[in-house]
Amino acid sequence: MLLSLAWTAAFAQYKTAGDGTTYDIQKLAHIAGTGIISYELEEDQPATYELTSAITIAQGDRFVMDDGIQLLFGANVSLTVEGEADFQSTHSNTFQYSSESDTGASVCIKSATTTEVTNCTFVGVGLELMGTGATNVRQCRFYRHDGSTAAALYFISAGAASTVEDCHFEACRKAAIGSAANASQPLTIVDCTFVRNSAANGNIPQINITAAKPLQVIGCTITGNPDNTMVGGLGISNFMSYDADISISRCTITDNRYGIGLVGPAASISITDNRLVNNRHEVNPMNGGSGISLYDPYQQTVARLTGNHIEGSLWGVTVIGCRHVNLGNLEEGPDLNPGRNVFRNNGFDGQLYDLYNNSTQTVYAQGNTWNVSQQTQELIETVIYHRHDNPSLGEVIYWPAATGTGVAPTVCNKAEDHDCYDLSGRRVGQPTRKGLYIRNGKKVAY
């Protein structure tokens with residue numbers, strides 16, 4: 001490397017004038033006092049710059065990220081944008097430490113307008129979001145964030161509804177995505193992958209976010225490290241009782257301390273069509289190990305679970321407190337839920353726990369497939385803990401099961417035979433063969 005511009009003295013923070021100027025890294029590198037070093041590289045290498053001191057783009061100015069460059073950060077150096085920001089890249093940009101020993105570097109966005117961050121790679125460097133505008137992060141990669149803040153992608157304050165899409169997070173010391181306890185950030189996380197984050201093995205899940213309205217996690221893959229016995233998969237908390245509408249669907253969550261953990265009240269939670277396997281890496285079963293855990297001592301949470309596959313947990317589903325939890329209700333009406341949850345090999349010390357109702361509420365759990373050799377009431381009772389086991393607890397209404405007669409029943413919600421639906425909610429029309437079906441929660445013979 002040939003050093004084309006260099007400074008030998010330490011620089012204080014540089015802040016632009018806020019006079020409506022548009023900046024990029026190349027332009028800033030030619031301004032005295034910014035402390036940016038520009039490296040002249042071989043022709044086939046990306047243009048490389050190094051930030052040796054903090055730079056702030058003031059409100060009123062605009063920052064447009066150069067396309068296809070490498071930006072190195074010294075220790076505790078930040079690039080902060082208070083004005084408009086555009087981090088879209090056609091040719092991938094890389095933000096990374098200038099040496100392995102550097103810590104605390106970040107890109108901080110404080111914009112009041114929407115910011116797009118596309119096709120960027122962050123190595124060790126964090127992305128901090130503090131603006132009132134939306135921030136959409138797409139096709140980005142985050143590796144080995146140093147843990148100097150709570151997450152590699154961290155919503156420090158709440159802005160407008162934002163999206164994180166098609167991003168990859170790996171080996172970050174703390175959470176991959178996080179939000180502060182007082183930041184109820186409307187957010188959609190879709191089609192992202194998370195691999196062995198919270199690598200420092202603290203009591204921090206890979207996704208560690210505060211409840212919001214809306215909050216959606218869709219089609220994500222969260223893979224843990226079995227050796228890290230403190231790290232959950234997806235954790236959503238609501239310590240300040242924010243209004244919340246939460247949806248978790250089509251995710252695959254494996255090898256974490258727990259799969260999905262929700263703490264605090266939430267008026268609406270939908271958990272649908274997820275696959276949760278081997279989320280059991282907790283040394284003390286009394287402290288965790290659930291496929292899905294719903295904890296609300298204020299008894300305000302309303303949750304609906306449909307079509308989830310829960311396998312290899314210490315506890316399949318645990319309900320603590322909450323107001324209304326529905327894992328399947330075959331009665332016609334607003335609570336209609338086909339169930340379709342499947343439980344496999346959840347338990348420890350020779351005892352199976354598919355569903356543990358540690359609340360005083362009645363929990364409906366009809367239309368599910370339980371981890372028993374035959375779907376009979378007698379056998380299903382052995383994998384559910386509720387009033388039958390402790391009179392102080394609420395009852396679980398688990399019958400009929402999905403395959404109580406050996407043939408998947410059909411739900412008929414109308415009086416007419418031709419209005420029948422199977423347990424997935426699909427209309428099947430009038431039954432054409434003799435057998436037992438389910439109408440309004442009761443067996444009906446044809």
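Is E282 buried or exposed? Select E282 and colour by accessibility: at 11% relative accessibility, E282 counts as buried, where buried means under 20% relative accessible area, exposed over 50%, and partly exposed in between (1.4 Å probe, protein chains only). Before going on, note that this is a predicted model, in which local features need pLDDT of at least 70, side-chain atom pairs count only at pLDDT 80 or more, and totals for chains, interfaces and linings use all residues. Residues are numbered from 1 along each chain as its sequence is written, and side-chain values use heavy atoms, with hydrogens and water left out.

**Second stop: a salt-bridge network**

Select E116, R138 and E165, which are linked in a network of salt bridges. Zoom in on R138 and E165, whose side chains meet at 3.1 Å, N to O. R138 sits in strand 14 (residues 135-138) and E165 in strand 17 (residues 162-165), so the pair ties together parts that are 27 residues apart in sequence. Strands (E, at least two residues) and helices (H or I, at least four) are DSSP runs, numbered from the N terminus. R138 is partly exposed at 24% relative accessibility, and E165 is partly exposed at 27%.

Next, show V263, N287, G288, S293 and Y295, the closest to the centre of the largest pocket among its 29 lining residues. A pocket is an open set of points on a 1 Å grid over the protein atoms alone, where a 1.4 Å probe fits, with protein on both sides within 12 Å along at least five of seven lines; lining residues have an atom within 4 Å of a point. The largest pocket holds about 750 Å³ of space, a volume being the space filled by probe spheres set on the points, which are joined across faces, edges and corners. Elements that give two or more residues to this lining include strand 28 (260-263) and strand 31 (290-296).

**Last stop: the second largest pocket**

Finally, select Q96, Y97, S98, S99, E100, V123, G124, R144 and D146 to see the lining of the second largest pocket. About 180 Å³ of space lies there.

Zoom out to take in the whole protein, with its 2 helices and 46 strands.

How values were computed: Salt bridge = Lys/Arg side-chain N within 4 Å of Asp/Glu carboxyl O.
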